[in-house]
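Q: Could we go through a structure together, taking one feature after another and asking how each should be read?

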Amino acid sequence: MSPFTVIGESLHSLGKNKVRTGLSILGIVIGIAAVIAMVAVATGAQRKVEREIAAIGDDWLTIWFMGANRGGVHREQATPPNMTRDDAEAIERECSAVRAASPTNRVPAQVISQFGNYRTGVMGVYPSFFDIRRWNCTVGRLFGNDEMQMRAKVCCIGLSSAKELFGAVNPLGQELRVNRVAFEVIGVLESKGVGSDGRDFDDVILFPFTSFQRLIAGNEPSGTLFAAARAGVPLATAKEQIRTLLRQRHHLADEDDDTFRIMDRSLTAQANAEATRTFNLLLTSIASISLLVGGVGIMNIMLVSVTERTREIGLRMAIGAHGLHILAQFLCEAVVLCGLGGLVGFCGGWGVARVVSTQVGWETEVSYWMAGVAIAFATAVGLFFGFYPAWRASRLSPIDALRYE
Amino acid sequence: MDAALIDICDACKAYHLDEVEIPAVRGVTLRLPAGQFMAITGASGSGKSTFMHLVGCLDRLDAGTYAFEGQAVEQLSRGQLATLRNRRIGFVFQSFNLLARTSIVDNVALPLTYQGVRRRERHRRAAEMIERVGLSDRSRHHPNQLSGGQQQRVAIARALVTRPAVVLADEPTGNLDTTTSLEIMTLLTTMNREQGVSIVLVTHEPEIAAHAQRQVVFRDGKIVRDTEEGAQARRHAGTEGAGRHLAVEAS
Ligand SMILES: Nc1ncnc2c1ncn2[C@@H]1O[C@H](COP(=O)(O)OP(=O)(O)OP(=O)(O)O)[C@@H](O)[C@H]1O
Ligand SMILES: [Mg+2]
């Protein structure tokens, strides 16, 4: 008996009772659909995080000053009041795990152009900041060390800021004024979109640190330092080196607490990974429970079917079906039933994911391999839960089955 | 001595209901030569159906021996019995036992699927058989669209499609009226003559039994009359004389 004949017979006998077939796979359909929809949402969220990491990188640290130590110990020597550009330069020079470091300073300011004005935060940075935060230019160029040295009155501008200030006009070569000082826009930064916290990365105007300190911030001390790890070096190593160096530079005694904090980008990534793992665990348990319920439903319907068709089984055995034929027939019915459930469930889950995308606005992603996994999984459920009823059918004695009323 | 198609010797079969033993077949000896058309009659509960199940290899003997075409049936496994039934034995039941919502061709072709015959060949042979029972125009129909007599013809086609050595028919006309019964008997007689297939038929009606070459009468699980003298003589040598006056009674 060829497999095609077996499958054909299964389809035929399932087709005899379409309503029941439909109802009996409902459990599997709902289970698979729920899993597909959840995986779609999870994958969508994952993609968003991945895009953000690709846009701004996840290999950098921020270091900022926290103030004097607590603990009631009064100290004589004056601690440097803040993180300085010297600290940044020392980090880049002396920490082997650090690829680049930049001091930054950010102040709120009214920015004015010929076409408009708005209030935003403006930033002074070293050219290495572009490397650390992966900023590139789409139009024009980034400022370099020459401009730093010469305290050039130039700036690079993000897309959102460009829109605010210049509208549809090409900002390149245009002037913008901060504190009544005119700066030339020499580069437009490529778009990085909106972060997972809802912040617009493109609302940014970057100035050479030196010009910024003198002309905008008025020599206000540097705020946050940025540093990026060398490729292949764990961020934790870089962090440890920076901490040691800064404690030394800031003359902290062994028992003193840090006067600064180092925020690790990868901690955010780790938190994300942790959340993903938890979510996956939740997903797997829901999937197992729903498939278990669906599988028991299939087993139940198959047992009913075997009982109902006892005479048919007896007849088949009388005219020459082996136990194995009967086993194959019923097992195949269960598997086809579940496979069908998997397919329908996949389509249902896909539909739900689309509705979530369009109505709720969450990003979702359904890939085709998920259809394969869904059907394979459902089929496995069918094999597992269909075996017992099929085995029972195959063990019937032909004469008892024929006489069954 | 020629090997008989069916050679049963002292067959016994009892049922067990709650510790109570109900003997149904109590020492039956029977030889059926190939090509013979035999009818079994007897009162209800005399063990005819039980005996047919034994002959059809659907059930096993409690005691005695059974050789089918020279092969000792007791030694065959479940699977081998299934293969034997599939290739050498055809069944016709009182209640037709056709698969519902399945076309006539597929019903007739069903035994061939268990032989691994390909679909096209299956359908060709089924169609041929359906033509021989005169239902060619109904082959796409389903059993519930057919009359009882037509359904039984389909069942006969199904029993014969594998070209078996013997067809076992337990009250094939039990659910049919007289005219239809006659048609079925004519069909079986024709098949017996043309294809040389042996037929063992169980019936309650003497007119039906009269179609067969040989009549056997059961009573209380034993053969009490057999129109074939040789067989009767052999049995007399082995067992009792109760059969004699029963045979007289019946005549
Ligand atoms: N499954 C069974 N369990 C218990 N006893 C049975 C079973 N089948 C038959 N019997 C008993 O065995 C005996 C023979 O039954 P069987 O069906 O062979 O008779 P029969 O000659 O075919 O009768 P009928 O003409 O009514 O069909 C009867 O006494 C019956 O009650
Ligand atoms: Mg009977």
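Q: Which scores describe the model, and what is the mean pLDDT of chain B?
A: This is a predicted model, with an ipTM of 0.90 and a pTM of 0.75. The mean pLDDT of chain B is 90, and 90% of its residues reach 70 or more.

Q: Where in chain B does pLDDT stay under 50?
A: Where pLDDT is low, the predicted coordinates should not be read in detail. In chain B this concerns residues 238–251, where pLDDT stays under 50 and the model has nine contacts beyond four places in sequence.

Q: Where does ligand 1 lie, and which residues are closest?
A: Ligand 1 lies between chains A and B, and of the 15 residues that surround it, the closest are B:Ser44, B:Gly45, B:Lys48, B:Ser49 and B:Thr50.

Q: Which element gives the most to the shell around ligand 1?
A: That is α1(B), with three residues; by class, the shell holds five nonpolar, seven polar and three charged residues.

Q: Is B:His123 buried or exposed?
A: The cut-off for buried is under 20% relative accessible area, so B:His123, at 16%, is buried. B:His123 belongs to helix α4 of chain B, residues 119–132, and its side chain makes a polar contact of 3.0 Å with the side chain of B:Asp106.

Key. Residues numbered from 1 in each chain as written. Chains lettered and ligands numbered in written order. Predicted model: local features only at pLDDT ≥ 70, side-chain atom pairs only at ≥ 80, totals over all residues. Heavy atoms only, no water. Helix = DSSP H or I, 4+ residues; strand = E, 2+ residues; numbered from the N terminus. Buried < 20%, exposed > 50% of the residue type's maximum accessible area, 1.4 Å probe, protein only. Polar contact = N/O pair within 3.5 Å; in protein donor to acceptor, adjacent residues only side chain to side chain. pLDDT = per-residue confidence, 0-100. Contact = heavy atoms within 4.5 Å. Near = heavy atom within 4 Å. Nonpolar A, V, L, I, M, F, W, Y, C, P; charged D, E, K, R; others polar.
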